[in-house]
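Please read these notes with the sequence and the model open beside them. They go from the pair of chains down to one residue.

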Protein chains: 2
Amino acid sequence: MTTIAQELQTKGQAARQAARQLPRLSTEVKNRALLSIAEALLARQEEILAANAEDCEAAKAAGISASVLDRLLLNPDRLAGVADGVRSLADLPDPVGEMIDMRTLPNGLIVGRRRVPLGVIAAIYESRPNVTVDIASLCLKSGNACILRGGKEVIRSNTVLARVLREAATAAGVPEGAIQFIESTDRALVGEMLKMGGLIDLVVPRGSAQLINFVAENARMPVLIGGTGVCHTYVDRAADIDKGVRVAYNAKCRRYSICNALDTLLVHADIAEAFLPAIARQWAEGGIEMRCDRRSLAIIEAAQIGGLSLKPAQADDFGKEFLAPIAAVRVVDSLDEALDHIYEHSTGHSDAIITEDYSVAMRFLDEVDTAVVYVNASTQFTDGAQFGLGAEIIDSTQKTIARGPVALREITTYKWIVLGNGQTRP
Amino acid sequence: MTTIAQELQTKGQAARQAARQLPRLSTEVKNRALLSIAEALLARQEEILAANAEDCEAAKAAGISASVLDRLLLNPDRLAGVADGVRSLADLPDPVGEMIDMRTLPNGLIVGRRRVPLGVIAAIYESRPNVTVDIASLCLKSGNACILRGGKEVIRSNTVLARVLREAATAAGVPEGAIQFIESTDRALVGEMLKMGGLIDLVVPRGSAQLINFVAENARMPVLIGGTGVCHTYVDRAADIDKGVRVAYNAKCRRYSICNALDTLLVHADIAEAFLPAIARQWAEGGIEMRCDRRSLAIIEAAQIGGLSLKPAQADDFGKEFLAPIAAVRVVDSLDEALDHIYEHSTGHSDAIITEDYSVAMRFLDEVDTAVVYVNASTQFTDGAQFGLGAEIIDSTQKTIARGPVALREITTYKWIVLGNGQTRP
């Protein structure tokens, strides 16, 4: 066995061992541990920021771009934000122990489901060091052990953060082994991890499409995939134009770098001449490049708006996740055409309709098969905290395990409990 | 593309197309279709039984064992039972459309989850022809399209059954394409199916361990695995001996060929001398062979019971799923030793404790991480119908997707619905 495989086995076994005890850890101890972690992150700020400074210097020396560098960076403000996030988890209800549908059967058996942790969750992620804290805290509150494997750019930051997390948690009464961090940055390690089907109950990849695909194709255990959003906003013929402009502007411009930002704007032909120049004016101010089909291009050009960045759309602009100040635009002749477009191109993350027509709204809700379907609201809301679930581990675009924001309850499972008095089956 | 791959693609596309419409099919139409199917199974009994007779003759000619032959056989009684099962599905509540946790957020957004079908479910199964009807009906009621791939021994029966199902469903208003049956018995086909990640949302293998492992290792889509049960019954020092004997007898002898039959009996040392001879007497009458550890063997031999089939256990008898009139037996010195044994050997299907000690029962419920955990009841109850869920598609031993009996609700998912009035995210 290689050294890498050995480190993994040892850490995997330790996590599995902790996972036998974690389901029985009281909410009180878990919350105390979360508060201790939040305190420790602030108390040991100097140590954490020093490690992060080293990471950032190394990244700069390696010629990393300014935008990526910004994602690696920790500072006192950001660290305080991370600590706040951990503290707020303590206020959320504990999903573990919830009893579901308990009832007495005619033969006297009492049967129901009890919510329990999944067991061991492995996270493989890139870039931002706050992910280490977020995932470890979510796993802790939900009674799961975790194995964390962060990106090599912030290995120093992550190593210190993991130590702080582990020490604070253990001192508060959390079983040793509950938080495992892989220090090796060897790339072969991910492949090894994905073979550990007996030790890991769920693996969550967060990062590039390449990483996600590699995990999906090679994992021997269930995978939770998300974060890839080709998101549509469809402006119906019966849209309120002001609402439509406000919502589409927000969906693209509030933050264009997130997975639930608008990628494609679909506009009904009957409203296109009124709506398209209005949104184009706003998007021009927001610095958004519009990649337009023939009809939308003609309408916008005719409006002679200054400062526009306008291009004919290529076929592959529809179905592309831009993560950039770019939107694809298309005119459609009917709701059906919009639904077909979304069916063909959506990744099932977040899609919206703008309409005042009740029946059209209902059809959109019925027929769009997407994790989060919006009527008259910005797709930027897709987020566990926005939905009142607290922090999230990922936005799932899967249909099984969990869909949309994956928060505390979504990383648990249940077991059936049957209380009898000597019953036998006839 | 091979002919096989073409047949699969065509059927997969047809199923996917139907799956776009099925979520909106009313409960009324679905129930009417189920009742039509039940009627058609009886009305076309002659045709079905004739095909089954051909299958059975061919199987006999191929020298298949009597017990396997019995699994292939349909007769008027069995067919009536299958039809009854379909009819009873019409009485169960429709899981589709259920609204979960709908609420209004401070910003006025109305947010919640709506239960929807998964989409396309593929089932790969062996032997019994009733599975074709069971799975197709469960999928229909839950709004899922299905692709069925049965065993070659009953290909004639299954082909006729699938035709009957499809014709009755379509006549009742179910979209064409909702029920797909693969007529080719080429083995390469399963491998091809498992590559259809874009067309199939979930694959359910039912059959030999070899089939299940092949599917688990090769599927590009989520897999629902179950049906492998190494099941324990632990008789605690504080057990009521009569209850224990009754329950352990039932757990082994009612039907030893099912996955939730008892495989290993663990007995606390303090009660072993009283309990073991009592169960041995019963099991001797039931024709059960006991494979005993050293201590249990000594106790049972000393009791000099007639008609016993008694053997020393080999190490691998613990952790073996017998599916036969055989039980492994071991004496343990404590609850902890029993819990460790179960932790090590259970497949997480069904495990039971017999005890009158409240705190011991609570510890067992807390610490055994199994799909169905029993106190003072027979593990033979693990079954969707027994738990009041109606028919089941499989008993899952996974932690994700669903655990224990997989009935109608367990083969659905949800989507988030957000109803706004122009809200944008700050």
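1. Copies are superposed by least squares on the C-alpha atoms of residues with pLDDT of at least 70 in both. On that basis, chain A is brought onto chain B by a rotation of 180° with 0.0 Å of shift along its axis, and the RMSD is 0.1 Å. The two copies are thus related as by a two-fold rotation axis. Within chain A, Ile401(A) has the C-alpha nearest the axis, at 2.4 Å.

2. This is a predicted model, in which local features need pLDDT of at least 70 and side-chain atom pairs count only at pLDDT 80 or more, while totals for chains, interfaces and linings use all residues. Residues are numbered from 1 along each chain as its sequence is written, and chains are lettered from A and ligands numbered from 1 in the order in which they are written.

3. Where do the chains touch? Two residues are in contact if their C-beta atoms, placed from the backbone, lie within 7 Å. In these terms, 51 residues of chain A are in contact with 50 residues of chain B. On the chain A side, β16(A) gives the most, with eleven residues. Helices (H or I, at least four residues) and strands (E, at least two) are DSSP runs, numbered from the N terminus.

4. By class, this side of chain A has 23 nonpolar, 16 polar and twelve charged residues. Ala, Val, Leu, Ile, Met, Phe, Trp, Tyr, Cys and Pro count as nonpolar, Asp, Glu, Lys and Arg as charged, and the others, Gly among them, as polar. Of the interface residues of chain A, 98% are also interface residues in chain B, so the copies meet through the same surface.

5. Strands also pair across the two chains: β16(A) and β13(B), residues 372–377, run in the parallel sense over five bridges. Two strands pair if DSSP finds at least two bridges between them. Ile417(A) stands opposite Val373(B) in β13(B).

6. An automatic or database domain assignment gives chain A domain 1 (3–224 + 401–419) and domain 2 (231–385). Four residues from domain 1 and five residues from domain 2 make the contact.

7. Leaving aside neighbours within four places in sequence, the contacts of Leu189(A) include Ile4(A), Leu8(A) and Arg149(A).
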